[in-house]
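Hi,

Here is the structure I said I would pass on. My notes on what turned up in it follow below.

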Amino acid sequence: MITCHLKYIIDPYQLGVFEDYGKRWIKIVNRLGGQHHGYFMPSEGANNIAYALFSFPSFADYEIYRKAMFSKDDLECVEAFKIAEDSRCIISYERTFLSPVFE
């Protein structure tokens, strides 16, 4: 299993837009074979940092997802990307891949 950890720097005045963006990606990741673990929005502390975690059975499965999500044929993905681009709610992000350890 491979887990993708995303750290977002977001516009704190666009939290509602970013939350909508996140809810769309949760559905997309799950539809494309992953398991989304949620978006984690600012609460106490920094008001411009958000996180997301999602897993795929393997890195190869993640690559299949990446190919599908950048397809111009997947209208849900195109729409989600457009929300972020039009609103500029995401300033930057860092992507890290992790291997979870379970009991």
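Glu19 is partly exposed, with a relative accessible area of 36%; that class covers the range between buried (under 20% relative accessible area) and exposed (over 50%), with a 1.4 Å probe and protein chains only. Its partner is Lys23: the two side chains meet in a salt bridge, 3.5 Å from N to O. By salt bridge I mean a side-chain nitrogen of Lys or Arg within 4 Å of a carboxyl oxygen of Asp or Glu. Lys23 is partly exposed too, at 48%. Helices here are DSSP runs of H or I with at least four residues, strands are runs of E with at least two, and both are numbered from the N terminus.

Before you go further, please note that this is a predicted model, in which local features need pLDDT of at least 70 and side-chain atom pairs count only at pLDDT 80 or more, while totals for chains, interfaces and linings use all residues. Residues are numbered from 1 along each chain as its sequence is written, and side-chain values use heavy atoms, with hydrogens and water left out.

Back to the charged pairs. The whole structure holds 6 salt bridges. One of them joins Lys82 and Asp86, whose closest N and O atoms are 2.7 Å apart. These two sit 4 residues apart in helix α3, so again the separation is about one helical turn. Lys82 is partly exposed at 46%, whereas Asp86 is exposed at 51%.

Another salt bridge brings together Arg31 and Glu76, at 2.8 Å from N to O. Arg31 belongs to helix α1 and Glu76 to helix α3, so this pair ties together parts that lie 45 residues apart in sequence. Arg31 is partly exposed, with a relative accessible area of 41%, and Glu76 is partly exposed, also with 41%. There is a network as well: salt bridges link Asp20, Arg24 and Glu79.

Which residues of helix α2 (residues 59-69) are buried? They are Tyr62, Tyr65 and Met69. Seen down the axis of α2, they fall within an arc of 55° (taken from the directions from the helix axis to the C-beta atoms), so they line one face of the helix. Ile64 and Lys67, on the other side of α2, are exposed. The cover over the buried residues includes β1 (2-10), α1, β3 (49-56), α3 and β4, where contact means heavy atoms within 4.5 Å.

One backbone detail may interest you: Arg88 has a positive phi of about 60° although it is not a glycine. Most residues other than glycine have a negative phi. Arg88 is in the loop between α3 (75-87) and β4 (90-98), and it counts as exposed at 64% relative accessibility.

As for the whole chain, it has 3 helices and 4 strands, in the order β-α-β-β-α-α-β along the sequence. Its radius of gyration, over C-alpha atoms, is 14 Å, close to the 13 Å that the globule rule (2.2 Å times the number of residues to the power 0.38) gives for 103 residues, so the chain is as compact as a globular protein of that length. Of the 103 residues, 33% count as buried. Among contacts between residues at least 6 apart in sequence, 69% join residues at least 24 apart.

Best wishes
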